Amino acid sequence: MMPDLGKYQNEVLASYGVTLLLLLGLLVLSWYKGRCVAKALREVEERRTKNG
Amino acid sequence: MSLWEYANPKLFMQTSGKYLPWFAGLSVITLVSGMIWGYFLTPEAENFGSSVKIIYIHVPAALMAINAWMMMLVTSLVWLIRRHHVSALAAKAAAPIGMTMTLIALFTGAIWGQPMWGTYWAWDPRLTSFLILFLFYLGYIALWEAIDDPDTAADLTSVLCLVGSVFALLSRYAVNFWSQGLHQAASLSVDKEEHVSDVYYWPLLLCIAGFVLLFIALVLMRTRTEIRSRRMKALIARERVA
């Protein structure tokens, strides 16, 4: 199933590896920041509701 | 319904919340299918060997690097002309995605260039304009972070985006403007005579579709975060005044 990449194996694997790493990093950071901001906003809104 | 109605943050949040999971799911399906097809099921190229498999990430990333800046140009113009906050925040949200795509295009290009051209880097028109585009992305993100007032930041970054558009376009057409340089002509063309062979063409199209969908999903996700962050800052400012 695994293709024989021959003499370009390192180049191909490095390209795919770095791309996956960068895309996953971007995805995780975007998701994490979104979660933190949503939580912080919820807290501020709850505080405002409590304080009238 | 008019497109301008999405300038209302509440409506944008409602609509984007509904469509985001679809874009995210579709992007995963198309990206995974395209990559599996390209990586496992396509043959080696006669002149490039197995290094041809890099095309499935390099070309879509390079396309998105340019098109992300073009999307930022449109939303920046909407901000400058109509003062819709959501459009300025969408431009801000797209910048790190575009920068990542530019980095992927530069990195995979350099890795492919070493065995093919005998060098990781050359001051070739397309490579150089891509490096400048990357620096524009960095500058754009830094400018947003450096200015406290969000409206002033949106104004200045929009102007920077207009200037950077020259380099985004140059990155796309550099090969046509200057025939000298190492980088070959575009791999895809409307004229079927010019683009890559069918065996690589269809998985490549699928990968491009996957990158486009991923970009849309990430822009929606990040714009929602920016809208929430802006609302939070506004509420905190109101609390301080009260």
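A cavity here is a set of grid points where a 1.4 Å probe fits but cannot get out. With that in mind, a search of this whole predicted model turns up 2 cavities of 30 Å³ or more.

**Largest cavity**
- Its volume comes to about 40 Å³.
- Trp79(B), His85(B), Ala88(B), Leu89(B), Trp144(B), Pro150(B), Asp151(B), Ala154(B) and Arg230(B) line the largest cavity.
- Helix 3 and helix 5 (150-177) of chain B are the elements that each give two or more residues to that lining.
- By type, the lining splits into 6 nonpolar, 1 polar and 2 charged residues.

**Second largest cavity**
- This one has a volume of about 30 Å³.
- Its lining takes in residues of both chains, including Lys33(A) and Glu226(B).
- Helix 1 of chain A supplies the largest share, 4 residues.

- Helix 1 (9-41) and helix 6 (198-241) of chain B each give it two or more residues, and the largest share, 5 residues, is from helix 1 of chain B.
- Val32(B), a residue of that helix 1, counts as partly exposed because its relative accessibility is 43%, between the 20% and 50% cut-offs.

**A loop residue to look at**
- Arg83(B) sits in the loop between helix 2 (55-82) and helix 3 (85-117) of chain B.
- At 37% relative accessible area, Arg83(B) is partly exposed.

Terms used. Residues numbered from 1 in each chain as written. Chains lettered and ligands numbered in written order. Predicted model: local features only at pLDDT ≥ 70, side-chain atom pairs only at ≥ 80, totals over all residues. Heavy atoms only, no water. Buried < 20%, exposed > 50% of the residue type's maximum accessible area, 1.4 Å probe, protein only. 1 Å grid on protein atoms, 1.4 Å probe; cavity = no way out; pocket = protein on both sides within 12 Å on 5 of 7 lines; lining within 4 Å. Points joined across faces, edges and corners; volume = space filled by probe spheres on them. Nonpolar A, V, L, I, M, F, W, Y, C, P; charged D, E, K, R; others polar.
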